[in-house]
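Subject: Structure handover

Hello,

Here is the structure for you to look over. My notes come after it.

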Amino acid sequence: MLEPLTHDIEALKTLDERLRWISAWTIHHANHIRENSDGLKVGGHQASCASMTAIMAALYFHALGPNDRVAVKPHAGPVLHAIHYLLGSQTREALENFRGLGGAQSYPSRTKDRIPVDFSTGSVGLGVAVTLFASLVQDYLTAHGWLDEQDRGRFVALIGDAELDEGNVYEAIIEGAKHDVRNLWWIVDYNRQSLDATSADRMFERFDEIFRSCGWRVVELRYGKKLQSALDGNKALKAWFEQLSNAELSALHYQGGAEWRMRIEAELGSKAAAFLKKHDDAVLEALFTDLGGHSMECLIEAFDAVQDDVPTLFIAWTIKGFGLPFAGHKDNHAGLMNPTQMASLREGMGVRVGHEWEPLEGVGDNQRTGVEALLDRTRIARAKRNPSFGTISVPAIPAPSGEEQSTQAAFGRILLDLSKAGGELADRIVTTSPDVTVSTNLGAWVNQRGLFRRNQMPDIFAEAKIASAQKWSGGNKGQHIELGIAESNLFLMLAAAGLSGHLFGQRLFPIGTLYDPFIARGLDSLNYACYQDARFLLVATPSGITLGPEGGAHQSINPPLIALGQPGLRHYEPAYSDELAAMIEEAFRLIDDCEGESIYLRLSTRSIKQVERSDTGWRDGALEGGYWLREPGQNAEAAIVAMGAVMPEALAAWEELREDIPGLGLLAVTSPDLLHRGWTAAQAARWRGERKPSHAEQLLLRLSRNAGLVTMADAAPASLSWIGGVLGQRVAPLGVEKFGQTGNLADLYASYRLDGDAITQAVAEILLSA
Ligand SMILES: Cc1ncc(C[n+]2csc(CCOP(=O)(O)OP(=O)(O)O)c2C)c(N)n1
Ligand SMILES: [Mg+2]
């Protein structure tokens, strides 16, 4: 652990004030000074920033070391920018353009901000939890010999108190306890206000218990030194103060010194008379706002006191809008100071008109040297780290052999073969699954590579010689991180492992498996991972009504539509194992390519007869989103367009119909997502004068402009029906629009119109309507 630097409380207090000014001014400038061409509210959160400037000054200018990583409460983004502005790593131009195109982002963004942002935030709760998984990744990298002890750091989350209502926080700490996570500091800006109002009182006494029972140390910073000693000197006053509800306390902070006096006089009478006599209203007000989270002495003491790696929750009491005219007001979340209020804040802080952007404006000469020295000594990274990309060579991945295979079984085989063959890629793969490792076919891989545990974990069943296909011993060289059933945790784990090249300079190839319908369970966490440009391979299996007897609760319908609308995630849906092998190879390449992305494979448990290939011409098409599995005749009048597990039905229908419909083609779609993207990109390129048809256009141009397309997928029909819009061809869409149910395949396909009869009818109809 790094030694704390000697500190300078006065300089830190000055920096706290500078942060409060610059963050408030940045937001004010964007709302009241910068030209507003469209009349839209710009917004920003002056109160949420003011709440934690002291905490952030103490952290960034004192406690944080160069390897520490922080997730900042989203609406305190302007404070982070102000910190970098003071350090010289943020420009005035970006601040002047706060919330404008290309300017500092509203909420810290790893990819869009020019300053180093360790974790993007925005959807509350997720930034908190991802730090826990990042610390687990740090342990993983150290255990595997890829990260030296001296390059390790702490993972810090700056949390709004209302964020603690997000369930994903507790899913994460439960998982963390199982993995014995460490090096975490979660610091709650306990201002007892959320967006709508003041927070409910009763729950807050419970949070510390919840964390303690998950192995955390809880440090409460309730009082600053002055308030502590005033309350220690008057028991009645202390008891009165501590029974105030969140709403009462906030209201008093807003009302100020005279109101504090009236309430104390009325409720404590003679017990507080001497105390009130000693303090005028202004002093009273200052005294009662001396809460732990605004007291530099308290913060530094608390941070310095924690030198071990026990995960620690700091609950720092604060006032929302501290030091601003709407401090404590329940409606202040999105409140903006008006120009008059801002002018009076400016005067109070000694900032001259026209000098508002000067970093150290208002800092007295006697203070300046100390402040500058502290800024110089600050150890945090000022520039973005260089992420590692393109460092691992990806070998060719052969398709598993076998006349009949399911894509899920083939996935398990491919991983097993990779493991047996060994090599750097195999060593850098880390798999993870929320309690569906075995049922998603990762078992063989785990038998080979073991579970990751910091401490040796024997396989009790194996030692007792109880027969089992699964060998579940764990150790610090294991490569599978087993999670409990919490899909949000899966995606946060993938986010953290998928950022390891950015965070630690060491690329991992994370593979997460889950059942396709349960993607929706963790959808915001998945979006969060993609938003940060984390790279991973998501393998979702089983999928669709093809799952048969498992029934409607497990039969996914809309994930291809989710994928169609999800940036940063490429959907592939193979029918055959050779397609799958090509896709997995492509996925590894994309994970390690700075221009790449994450990949979602939608797989099936249905074992189907593999197709014979006469050449490898299909491969490029399959990776671009589709290929002609049965070539159409020139200007053919119809084609079947099918995806994934229903390919045997499509092939059988094609065989049956080809005599009657000469030139009938069968297009195997492997990625509606890529076809759609390619189509829109080609259109955008045409507006720029480039005239290259997209892959979808090239495929469909083989048909007559009037051709009819019968699309089919074991998924929402809209996944493919849009394809008719590419060249204006007519479409008869087949797919699943109602919840699934139990049944054998033949019955289900017949009921949901995914069988040969449905295709024949649809083809007939579309030809008739020509
Ligand atoms: C998942 C999600 N839901 C809702 C919001 C909208 N929102 C932004 S901040 C906030 C309340 C924040 O209160 P708190 O965490 O206590 O922060 P502070 O009081 O410090 O502003 C809400 C509901 C969001 N950003 N994310
Ligand atoms: Mg709050």
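The notes below go through the metal site, the ligand, the backbone and the charged residues.

This is a predicted model: local features need pLDDT of at least 70, side-chain atom pairs count only at pLDDT 80 or more, and totals for chains, interfaces and linings use all residues. Residues are numbered from 1 along each chain as its sequence is written, chains are lettered from A and ligands numbered from 1 in the order in which they are written, and side-chain values use heavy atoms, with hydrogens and water left out.

Metal site

Ligand 2 is a magnesium ion. Its protein donors are D161 (OD), N191 (OD1) and Q193 (O), at 2.0 to 2.1 Å. Donors here are N, O and S atoms within 2.8 Å of the metal (3.2 Å for Na, K and Ca); water is not among the atoms, so sites may look incomplete. Along the chain the donor spacing reads D-x29-N-x1-Q. N191 counts as buried because its relative accessibility is 3%. Q193 is buried too, at 2%. The cut-offs: buried is under 20% relative accessible area, exposed is over 50%, and partly exposed is in between (1.4 Å probe, protein chains only).

Ligand 1

There are 18 residues around ligand 1, counted when a heavy atom lies within 4 Å of it. S48, K73, D161, Q193 and K320 come nearest.
- A162 places a backbone N or O atom 2.9 Å from an oxygen atom of the ligand.
- N191 uses a side-chain N or O atom, 3.0 Å from a ligand oxygen.
- Q193 uses a polar backbone atom, 2.8 Å from a ligand oxygen.

Backbone

Most residues other than glycine have a negative phi, and most peptide bonds are trans. The bond from T541 to P542 is cis, with omega near 0°. P542 sits in the loop between β12 (537–540) and α25 (559–564). Helices (H or I, at least four residues) and strands (E, at least two) are DSSP runs, numbered from the N terminus. R99 has a positive phi, near 65°. Its loop runs between α5 (92–96) and α6 (126–143). D435 also has a positive phi, about 65°, and lies in the loop between β7 (429–434) and α20 (443–449).

Charges

The whole structure holds 45 salt bridges, each a side-chain nitrogen of Lys or Arg within 4 Å of a carboxyl oxygen of Asp or Glu. E631 and R702 form one of them, at 2.6 Å, N to O. The pair links distant parts of the chain, 71 residues apart. E631 counts as partly exposed at 48% relative accessibility, and R702 is partly exposed at 28%. E690 and R688 also pair, at 3.7 Å. Salt bridges with shared partners join D139, E149, R152, D180, R182, D309 and R454 into one network.

D755 lies in the loop between α33 (745–751) and α34 (756–768). Leaving out residues up to four places away in sequence, D755 touches E649, Y749 and A750 (heavy atoms within 4.5 Å).

Best wishes

Definitions and conventions: Polar contact = N/O pair within 3.5 Å; in protein donor to acceptor, adjacent residues only side chain to side chain.
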